[in-house]
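Dear colleague,

I am handing over the structure below, together with notes on what was found in it. Please read the notes alongside the coordinates.

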Amino acid sequence: MTVILRREIGKNAADLISRLAASSAIAAIEEFIANSHDADAEKVEVTYDSKRDFLKIKDDGEGMTPENGLPDFYRLGDSNKILNPVTQKGRRKIGKFGVATILLKFLAKSYVLETVKDGRLTTVDELFEDELSSDKPIPYKASPAPNTPNGTIITMSSLNFSEESDFNLEDLVKRVRWDMPILPDFKIFINGTEIVPVQLDTAKEFEFEKEGEKMGKVTGRFFYTKRPCKDAGIHIYINGRRVGNADYFKIAEMGGRSISSRIVGIINADDLEGAILFDRGRLKEDDPGFRELAGVVKKVLRKISYEIF
């Protein structure tokens with residue numbers, strides 16, 4: 001008898017992936033901010049209340065319906081963002097490819113999703129009692145919502161994180177300020193306060209632009225700060241969103257020992273999107289494009305050291 005082997009997805013695959021999709025509550029929250037960006041929202045508001053144990057994310061994006069948008073939201077993988085990587089406003093989409101639905105369970109034990117699109121309100125009220133199952137229907141209610149602007153509100157309750165354990169609101173603000181695109185037509189608010197781009201106390205700036213066979217076109221700005229900076233390091237952005245943190249390159253080991261605590265590098269490397277790891281925590285350091293970029297950064301740092309000293 002001939003047995004045909006296939007890769008099959010188990011019913012609890014979504015539950016398993018939910019434990020791997022985000023490295024922290026902050027990383028998961030950022031994914032929902034990214035989804036608002038990809039929905040062409042002009043404003044997204046994050047509200048966290050530790051006493052009431054809830055987290056709300058509200059945007060004025062394009063909204064969703066059971067026929068358009070919600071199936072993509074609840075689909076694990078095969079994201080529409082792969083086929084349509086650019087929004088109607090021309091933004092390059094920065095959300096993960098189909099993990100929003102499982103991040104809800106990562107963050108909370110229940111949630112209510114309310115989304116309006118073209119005068120229709122769709123509401124999903126879900127309590128996570130068991131493992132996520134890929135074949136379990138998700139009930140929803142639809143009703144007319146005339147004269148109501150498009151947008152989505154997700155309110156999560158009975159959170160799986162807290163300030164007493166693994167979450168800090170100040171860290172969220174700092175991460176969002178560094179990680180997410182903050183644009184004139186995309187504003188982010190956390191507990192009512194608008195997040196503004198990072199401001200550096202800079203003594204000197206250096207710019208470069210390179211195009212490589214593997215890394216594609218890369219542009220960068222390096223800031224030599226007036227005093228040692230806690231955010232010193234090299235920050236890599238792909239389509240306006242930071243990947244990982246600032247410790248990709250050991251500046252001192254690359255020829256910049258004397259400037260290592262006072263260099264902040266901002267690198268835009270959109271062609272390295274294929275090197276992003278699943279949790280967006282790092283780029284694949286054995287990727288040929290990343291290795292080529294590392295060589296360029298090393299040369300730039302040596303040049304900066306020479307010019308300063």
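How much space lies in the largest pocket? The answer is about 720 Å³, where a volume is the space filled by probe spheres set on grid points that are joined across faces, edges and corners. A pocket here is an open set of points on a 1 Å grid over the protein atoms alone, where a 1.4 Å probe fits and protein lies on both sides within 12 Å along at least five of seven lines, and a lining residue has an atom within 4 Å of a point.

Before going further, please note that this is a predicted model, in which local features need pLDDT of at least 70 and side-chain atom pairs count only at pLDDT 80 or more, while totals for chains, interfaces and linings use all residues. Residues are numbered from 1 along each chain as its sequence is written, and side-chain values use heavy atoms, with hydrogens and water left out.

The lining of the largest pocket comprises 34 residues, and Asp38, Ala39, Glu62, Met64 and Lys81 lie nearest the centre. Helix α2 (25-38) is among the elements that supply at least two lining residues each, as are β2 (54-59) and β6 (151-159), and the largest share, 5 residues, comes from α2; helices (H or I, at least four residues) and strands (E, at least two) are DSSP runs, numbered from the N terminus. By type, the lining divides into 9 nonpolar, 13 polar and 12 charged residues, with Asp, Glu, Lys and Arg counted as charged, Ala, Val, Leu, Ile, Met, Phe, Trp, Tyr, Cys and Pro as nonpolar, and the others, Gly among them, as polar.

Turning to the strands, an open sheet of 5 strands has the order β9-β10-β13-β11-β12, with mixed pairing, where two strands pair if DSSP finds at least two bridges between them. Its edge strands are β9 (202-212) and β12 (241-242), each of which pairs on one side only. Strands β9 and β10 run antiparallel and are joined by 10 bridges, and a hairpin connects β9 to β10 through 3 residues.

Finally, isoleucine 188 lies in strand β7 (residues 187-190) and is buried, with a relative accessible area of 0%; buried means under 20% relative accessible area, exposed over 50%, and partly exposed in between (1.4 Å probe, protein chains only). Leaving aside neighbours within four places in sequence, the residues in contact with isoleucine 188 include Ile33, Val44 and Met180, contact meaning heavy atoms within 4.5 Å.

With best regards
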